[in-house]
Structures are given as structure tokens and as C-alpha cells.
Amino acid sequence: KVVSLVGARPQFVKEACLGAAVRETQAWTHVLAHSGQHYDLAMSDIFFQELDIPQPVYNLGIGSGSHAAMTAAALTGMEDVLSKEKPDALLVYGDTNTTLAGALAAAKMAVPVIHVEAGIRMQPRTMPEEINRVLTDRISALMCCCSEVGRRNLAAEGITQGVEVCGDLMYDVYRRMEKRLQPDAACSRFGLRSGSFAVATIHRDYNTDNPDALRGI
């Protein structure tokens with residue numbers, strides 16, 4: 001039995017692919033838990049609907065708050081989930097407060113942690129997401145890297161045991177959803193001409209809160 005913990009948009013996408021593969025192969029009993037870190041229609045529900053993700057068995061409902069408040073709420077909530085389910089492992093994704101909280105709860109209860117998207121390093125080390133991913137790698141039993149880059153990053157930090165290069169779940173989901181993408185129809189809907197625009201997400205505070213950095217971008 002594996003408890004799979006999600007809480008934010010990128011994790012929903014990865015869970016859609018991995019969870020579907022587990023159901024198809026019946027590899028293990030897959031218990032889905034949602035921390036509630038992202039919780040409204042546009043940030044959570046729409047992903048479950050469009051990617052055909054089953055509803056979580058648990059929703060911790062941690063909501064918004066400071067990094068400490070969210071991490072603490074997810075930590076205590078996951079302790080209860082793990083105590084009830086007694087899984088063989090906890091599966092966590094990426095670099096959110098949910099990820100670190102779940103990993104801490106599991107490690108303290110001697111439940112092996114599987115970290116999907118391990119070994120990614122973005123810099124600076126003070127970025128909350130970087131702290132989450134580095135600490136999660138430190139207490140994981142199995143680290144699943146998207147590419148050799150992740151493996152090399154972990155090796156540079158002295159981590160070589162329990163490291164596997166498994167491929168990129170985000171790309172797997174793209175391939176799965178590719179047939180449903182209709183770029184021409186989308187351009188028409190928004191009055192855009194193909195090739196005349198770019199789509200970007202810019203959300204790091206050191207970019208959005210810095211006028212010079214944002215202007216440069």
C-alpha cells in the first residue's frame with residue numbers, strides 16, 4: 001500500500017499519470033491524499049476533472065497561510081493519515097510545503113518516502129521551494145529523478161543510494177493529453193495569430209516584486 005500525497009497544481013498533473021499507471025497495472029493499493037494547499041476550482045478541481053483523477057480519500061484542507069502554518073497543518077494531518085493507513089511507503093512530488101510536511105511525517109514514523117522529481121536544484125538556496133526539495137531528498141528512501149541532471153545534483157551532495165532516473169512525468173502527461181490540444185481553435189477563441197505571441201508564467205517574487213527584473217523579462 002502506498003499513500004500518494006498531493007497539494008498543488010504540478011502535483012495533480014504528475015499524480016494523474018502515475019495514478020493511472022498504478023490502476024492499470026494494479027501495482028499496489030494507491031491511497032490518494034490531498035493537503036488542500038491549492039483548493040479552489042481553478043487551482044485544484046479543474047485538474048481533477050480534466051485529467052480524470054479520482055477524488056482523494058483524504059483532504060486535509062490546510063488552505064492558505066504562512067509557510068510555517070501550512071507546513072505544520074499538513075504535518076499533523078499526514079501523521080493522522082499515516083497512522084490510520086499504515087502504508088508501505090509515502091509518495092510525494094516536487095517541492096511544495098505539502099511535500100516537505102508529508103516527508104517529515106513519514107520519516108518520523110519510519111515510513112519510507114518516495115520523492116518524485118528528486119534532485120532538481122534551482123538556486124538560490126534560500127528560496128522556499130529549494131529548501132523543501134533539498135530537505136525532502138535528505139530523508140527519502142527512493143529518489144526518482146526526471147533526468148541524469150537530477151542524479152548528478154544528488155551525487156554532488158553525496159547522495160547516491162536509492163537514486164533512480166525514471167523519466168519526466170510532466171512529459172508523459174503531455175503525450176497523454178496531446179490529442180486533446182487544439183492550438184488553432186484556442187488561437188481563434190482568443191483572437192490570436194499563431195506564431196505571433198508567447199505564453200509565459202512569471203511568479204517568483206524576486207522577479208515579480210522587482211521592477212528592474214520584471215522589466216528585463
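Glu117 is buried (under 20% relative accessible area; exposed means over 50%, partly exposed in between, with a 1.4 Å probe and protein chains only), at a relative accessible area of 17%. This is a predicted model: local features need pLDDT of at least 70, side-chain atom pairs count only at pLDDT 80 or more, and totals for chains, interfaces and linings use all residues. Residues are numbered from 1 along each chain as its sequence is written, and side-chain values use heavy atoms, with hydrogens and water left out.

**Backbone: positive phi**

- Most residues other than glycine have a negative phi.
- Glu117 has a positive phi, near 80 degrees.
- The loop that holds Glu117 runs between strand S5 (113–116) and helix H5 (128–138). Helices (H or I, at least four residues) and strands (E, at least two) are DSSP runs, numbered from the N terminus.
- Lys86 is not a glycine either, yet its phi is positive, about 50 degrees.
- Lys86 sits in the loop between helix H3 (67–85) and strand S4 (89–93).
- Lys86 is exposed, with a relative accessible area of 63%.

**Aromatic pairs**

- Rings of Phe, Tyr and Trp (its six-membered ring) pair if their centres lie within 6.5 Å; planes under 30 degrees apart are stacked, over 60 edge-to-face, and the rest tilted.
- The count by this rule is three aromatic pairs.
- One of them is Phe12 with Phe48, a tilted pair at 5.2 Å centre to centre and 55 degrees between the planes.
- This pair links distant parts of the chain, 36 residues apart: Phe12 is in helix H1 (residues 9–25), Phe48 in helix H2 (residues 41–50).
- Phe12 and Phe48 are both buried.
- Phe12, Phe47 and Phe48 form a cluster linked by ring pairs.
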